[in-house]
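Please open your viewer and keep the selection panel at hand.

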Amino acid sequence: MSYETNGRGRQTASQLNGHSDGDLSSYAFPDHRLRRKLDDPSKTPLVLVACGSFSPITNLHLRMFEMVADHVRFHTEYEIVGGFLSPVSDAYEKAGLASAKHRVAMCDLAVDQTSNWLMVDPWEAIQKDYTRTALVLDHFDHEVNVVRGGAETSTGERKLVHVALLAGADLIGTMSTPGVWSESDLDHILGRYGAFIVERTGTDIDEALSHLQPWKENIHVIPQLIQNDVSSTKIRQSLKKAMSVRYLIPAPVIKYIQQHGLYIDDSAVPGIYAQENRSGTPTPDGVSDLEGLRS
């Protein structure tokens, strides 16, 4: 697969600056890495959408896209034309949630410097109210198929792009729990769009799927051949203890966290903002470099 970029990888983060909640006046859908032509005209174009907190984004979030891309290439009739991260808005009010501005910026840094086909869409993040996942997928379907007309084949034929949810097995676990998701939303998400689910340590995927039988044909399960149970929660816990998170999250994200003092409980870790750099001079940010988060 070939992917193109036009260098606008950080556009989405800047769109949040100066935004009031729900203000879409300067919003622009990020399509700089969205491929408009299929390499194989017999395939169905596919866009993957990962919704979540991303507080902060981890290497596993990024790896999930790559694992699904391999699965799609070897085991399906789809051809991926783009992938999107959609950070939840501040209205979600989850414990440990950094502001949408910071989370979008960190996601933007992560994909800008590590991927040539992933993008960050701030649309959900700038909503005043919490937006249901079903409506987020509708938003992507509208932008990709209605506004941009889907994808084109080498023969000039246009095909609608299939939009699908990308998620970890823990999300499917909640979908199989009575009362957590409405039946109508489940049918909309799994019936209309479908999902690519990456197995995760500690989740009984078979048990979860047994409760989602009406949509089993639209749920693709991808095994983790190399086990990785990194989570944003564990990253935040490590940061609060001044422990290293190097190689667990992208290096530009670590630097951003340091610069903005995110996820660090200075009352629990006295002196972390007074660490010195190698020359012995306190840094303006209070934390030296990537070593500054080590204990």
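Here is the tour, starting with some ground rules.

This is a predicted model, in which local features need pLDDT of at least 70 and side-chain atom pairs count only at pLDDT 80 or more, while totals for chains, interfaces and linings use all residues. Residues are numbered from 1 along each chain as its sequence is written, and side-chain values use heavy atoms, with hydrogens and water left out.

**Stop 1**

Select Ser-55 and Pro-56: the peptide bond that joins them is cis, with omega about 0 degrees. Pro-56 sits in the loop between strand S1 (44–52) and helix H2 (59–75). Helices (H or I, at least four residues) and strands (E, at least two) are DSSP runs, numbered from the N terminus.

Phe-54 is buried, with a relative accessible area of 5%. Buried means under 20% relative accessible area, exposed over 50%, and partly exposed in between, using a 1.4 Å probe and protein chains only.

**Stop 1: Tyr-263**

Jump to Tyr-263, in the segment after helix H9 (251–260). This residue is not a glycine, yet has a positive phi of about 65 degrees. Tyr-263 is buried, at a relative accessible area of 10%.

**Stop 2**

A pocket here is an open set of points on a 1 Å grid over the protein atoms alone, where a 1.4 Å probe fits and protein lies on both sides within 12 Å along at least five of seven lines; lining residues have an atom within 4 Å of a point. Grid points are joined across faces, edges and corners, and a volume is the space filled by probe spheres set on the points.

**Stop 3: the second largest pocket**

Move on to Arg-63, Met-67, Asp-70, Pro-223 and Leu-225, which lie nearest the centre of the second largest pocket, lined by 13 residues. This pocket holds about 290 Å³ of space. H2 gives the largest share of its lining, seven residues.

**Stop 4: an aromatic cluster**

Finally, show the rings of Phe-29, Phe-84 and Phe-140, which form one aromatic cluster. Rings of Phe, Tyr and Trp (its six-membered ring) pair if their centres lie within 6.5 Å; planes under 30 degrees apart count as stacked, over 60 as edge-to-face and the rest as tilted. By this rule there are six aromatic pairs. Phe-29 and Phe-140 are edge-to-face because their planes stand at 70 degrees, with the centres 5.9 Å apart. Both Phe-29 and Phe-140 are buried.

Phe-84 and Phe-140 make a tilted pair, 5.1 Å centre to centre with 50 degrees between the planes. Phe-84 is in strand S2 and Phe-140 in helix H4, so this pair ties together parts 56 residues apart in sequence.
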